Amino acid sequence: MKVISLKKKKKKKKQPVGADFGRQLCARLPRRMLRQARIAAKQLRVLRALRDRPLRWSSSLVACDRALKYQVGEKVHGFTVNQVTAVADLFLSAVKLSHDGTGAQYLHVARDDSNNLFSVQFRTTPMDSTGVPHILEHTVLCGSDKYPCRDPFFKMLNRSLSTFMNAFTASDYTMYPFSTQNAKDFQNLLSVYLDAVFFPCLRELDFWQEGWRLEHENPNNAQTPLVFKGVVFNEMKGAFTDHERLFAQHLQNKILPDHTYSVVSGGDPQHIPDLTWKQLKQFHATHYHPSNARFFTYGDLPLEQHLKQIHEEALCKFQRIEPDTAVPLQQHWSKPREEHVIRGPDSFASDPTKQTTLSVSFLLADITDTFEAFTLSLLSSLLISGPNSPFYKALIEAKMGTDFSPAVGYDGSTRETCFSVGLQGIAEKDIGAVKEIINKTIEEVIESGFEEERIEALLHKIELQMKHQSTSFGLALASYIAACWNHNGDPVEVLKISDQVTRFRQCLKENPRFLQEKIKQYFKDNSHQLTLSMSPDQTYFEMQAKAEEEKLREKVNSLSEEEKRNIYEKGLELIAAQSTEQDISCLPALKVSDIQPSIPFTQVETAHAAGEVPVQYCAQPTNGLVYFRAMSSLNTLSEELKPYVPLFCQVVTKMGCGSLDYRQQAQQIELKTGGMSVFPQIIPDNSELDMYEQGVLFSSSCLDRNLLDMMQLWTDIFTHPHFEDEDRLRVLVRMVAQELFNGISDNGHLYATVRASKTLTPAGELLETFDGMDQVKLMMRIAEMPDVTSVLRKFPRIKRHLLNSDNMRCAVNVTPQKMLETSEQVDKFITEISKKKKERKAVRSHLIEKPLDPADADNEHVSGPRMTRKLIADPTFKPCQMKTHFQFPFPVNYVSECIRTVPYVSSDYASLRILACLMTAKFLHGEIREKGGAYGGGAKLSYNGIFAFYSYRDPNSVATLAAFTSGIDWAKSGKFTQQDIDEAKLSVFSTVDAPIAPADKGLNRFLYGITDEMKQRHREQLFAVTHESLVHVASKYLAFGQSTHGVSILGPENENIAKDPSWVIR
């Protein structure tokens, strides 16, 4: 802790002429400045050393160079090379091939990235809304010829070190991707994926489980009524409660009504029960054939091995066919159309007259026209992105609605692309006005075009995105090319982004009205446009329930007595299959010995900016980008103001600063940075559950040439933020509130977990305030205020405590060559924001100052000054149980039960972490998803020591809580094998060893105080977990009476809960 003396300093005697100049200078400096000078000198030495130190990364392009050696026409393991292209801007080489025997298309992207990815996608074009491609996507992963055990996909999650495993059903294709950093693991997963998609078992019981089935409410009691069950059935019931998704689905169905886009590929719950097992198998036979497949591989592994394995294990067993899966072009309309749909009411909305959504949508160009699609995508961004865009000004700032309509902007996911714009949260009487504003805005843009600076800002964003290094770059590429490639467009052309930018600039140069003419062509003169409105109906959910009851009655009434007996017996057979221990010895697996015993340490240096604020510097190959972060403490902020911190964070970079109004500020942020974000942080101490840090994290990135501009923006935000514009705040608040409300149906399990953990640690209540349902309700309340002046007045008060250098620490990730320049700019920033520094007392009396790294003194990997953080401690805190039921008109539930356990450094933490994974894979998955029909469920241990059970889109609630309890009993009984434990370790290590981008190296140390030494110690604790230690922690922490539990459910009314006085109903 720094102590500042208040005593007067005595004058020093004047040095004789001729004395050492350095001593003369030092003699004239006050002691504080002397100390700063010494610190600065040391900092300079540290940064120069960092600049000059050779870094441990390779700049070679081995994988790219190897790929460029292929020759067009070359034959490789049953494939023919068709094209070899270097894409220098993305540091990759693309090799396009086709399979000789089947015609399967193949694209390999070679890049020096160890996170290798595989995906295979099939064009899947259903002609009804039974959800056949979605249910098939689930069912093929339930066992195959070579791997006949049930659910090999989920079992492989625990037998590999994959960094990603999943499957996606889009409107017209289904994709199966995985990624891993381990070459052996890649071959194992490739084998499982190939067998799953080409040779699945497609058992009827798997179709029943994953798709839909008629089953008795209690499968063991034939006297209970028959009901619909099934994982996809329940998933889609949950999905259809999301108003935004529902609107987007209707929009696609109605603007492209002639073919596959007129149906719901994921499945409409009203139509899913029409799908038969026979139809499922027939769809697989016609769509999952190599002739209808597109293979994609990415990374630094050799292409030859991939081709050999894919050919020998799958493709050589097929003959070429002509798949009838092509999507024809939509017949263009001769005049615009209007449609209206209904949805359920908003339970949070206080004004029922303002719940209408309206959009106007236009059918655009063929997705295979790569440059046209690129141009239209840019045009969309210019029209709707940010406060300087024409539609933002015209629609959002008209304050008729709360936010843009769902699916706003460019949609390049279908054969022909679309653009949509409109508003949600409007009054029905304003529909005509909104349509008029849209038409008028189009006319104005055709007339006046776009400012050159906005176009440059957009192209700058593309440059930044190309330079930013993501750990999931392969997956991003696979997704980026999927739609175009799916319709036989050229995926390599899609990757040539720089060429498209160059051509775009040339078009603008040759024709200054290039963009205006596009708008006239695709908007004003386009008769294929759809006006879609959606409004709430108070009886919507009742109608949905009645429709399901009618469908159920129809199904049941058509059954003979023999068929009913067969359903009962099949239900018992399914339960028996779900309960039977599976022989998974056929599945390939890595061993715990395949895991690296140690981690590479990240070198960081610490220096003081302006002599007072500690800065962590991490030299990384950031590809010409600078990443800056600052953590500022909330310790001096009053409790009264804390609920408003998340809103403050949302608006502080969007209301103007310094000499810039909010439009100019937005323009500068787009032109000079990769974005500037501010988020509240509640960071648990890693050694004490009842201690935590509260603060706000400021983050940004920029091209190194824009460093000065980025830091000036931060300086202006910290020193002169604008908090005067009430209209601007009202616009922002409405957008924030709408986004939070719309996200409940997707994030219900997270809201349930936050509420369930609220009373378990001192930080729990603040977490609920910042990230829970309390925050949603507060934002909805503020959004409905006729006058937000009272809220606006709170921001300068928050600013005084937050936007200063008190208790601040910073982090910079940048290349060594730019380290010195960056440090100078950070130093300048800290100096500027410290000019009006004022000492403030912490609100909480119990503050503990701890070094960010407890081992700094003996840590050879960290040099320079030490970082500390001030933690909140509450010695009087007593955890208590709380059970909360948030009632929503959803047909599904989101359930969570949380338990207070131990902090990160405890050896028991490692055992609990393994146990969470073990319980998920070996017990909870079967009980909650397979038997219960929920879309997802499991257990997870967080950094804050909270052991959380959860379920997602779950038809059950109380029964799921019982499954959590049964899971604890199962864990205490030790009914698991050493093989089960090893698989859980593999799954945990796949997360622990997930790749970290250069931008994020050292971040765990900076934010959480978790150093590489601590990670290594935790790693060794994970390796050391035994059967005995797992049973021990299950009994010690999870059993009732041992630790405090909290429970929360988001979902429909429940009679059993309503009768139980221990529940709080919200």
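Which residues does the domain assignment give to domain 1, domain 2, domain 3 and domain 4 of the chain?

## Domains

In this predicted model, the assignment places domain 1 at 63-324 and domain 4 at 882-1065. The centres of domain 1 and domain 3, taken over C-alpha atoms, are 43 Å apart.

An open sheet of 6 strands has the order 29-30-28-31-27-32, with mixed pairing. Its edges are strand 29 (936-941) and strand 32 (1064-1065); each has a single partner strand, so one side of each lacks a neighbour in the sheet.

Thr884 has Val1064 of strand 32 as its bridge partner. Helix 26 (residues 744-756) packs on this sheet, where it touches strand 27, strand 28 (893-900), strand 30 (946-954) and strand 31 (1045-1051). The direction of helix 26 makes about 25 degrees with that of strand 28.

## Helix 32 against helix 36

Helix 32 (residues 907-931) packs against helix 36 (residues 1012-1023) with axes 9 Å apart and an angle of about 60 degrees. The two helices are therefore oblique to each other, and the crossing of helix 32 past helix 36 is right-handed.

On helix 32 the contact is made by Ser907, Tyr909, Ala910, Arg913 and Ile914; on helix 36 it is made by His1018, Gln1021 and Leu1022. Sorted by class, the contact between helix 32 and helix 36 has 4 nonpolar, 3 polar and 1 charged residues.

Terms used. Residues are numbered from 1 along each chain as its sequence is written. This is a predicted model: local features need pLDDT of at least 70, side-chain atom pairs count only at pLDDT 80 or more; totals for chains, interfaces and linings use all residues. Side-chain values use heavy atoms; hydrogens and water are left out. Domain bounds come from an automatic or database domain assignment. Two strands pair if DSSP finds at least two bridges between them. Helices (H or I, at least four residues) and strands (E, at least two) are DSSP runs, numbered from the N terminus. Contact means heavy atoms within 4.5 Å. Axes are lines fitted to C-alpha atoms, for helices over the stretch in contact, and angles run from 0 to 180 degrees between N-to-C directions. Angles under 35 degrees count as roughly parallel, over 145 as roughly antiparallel, 65 to 115 as roughly perpendicular and the rest as oblique. A crossing is left-handed if the near helix is turned anticlockwise from the far one by less than a right angle, and right-handed if clockwise. Ala, Val, Leu, Ile, Met, Phe, Trp, Tyr, Cys and Pro count as nonpolar, Asp, Glu, Lys and Arg as charged, and the others, Gly among them, as polar.
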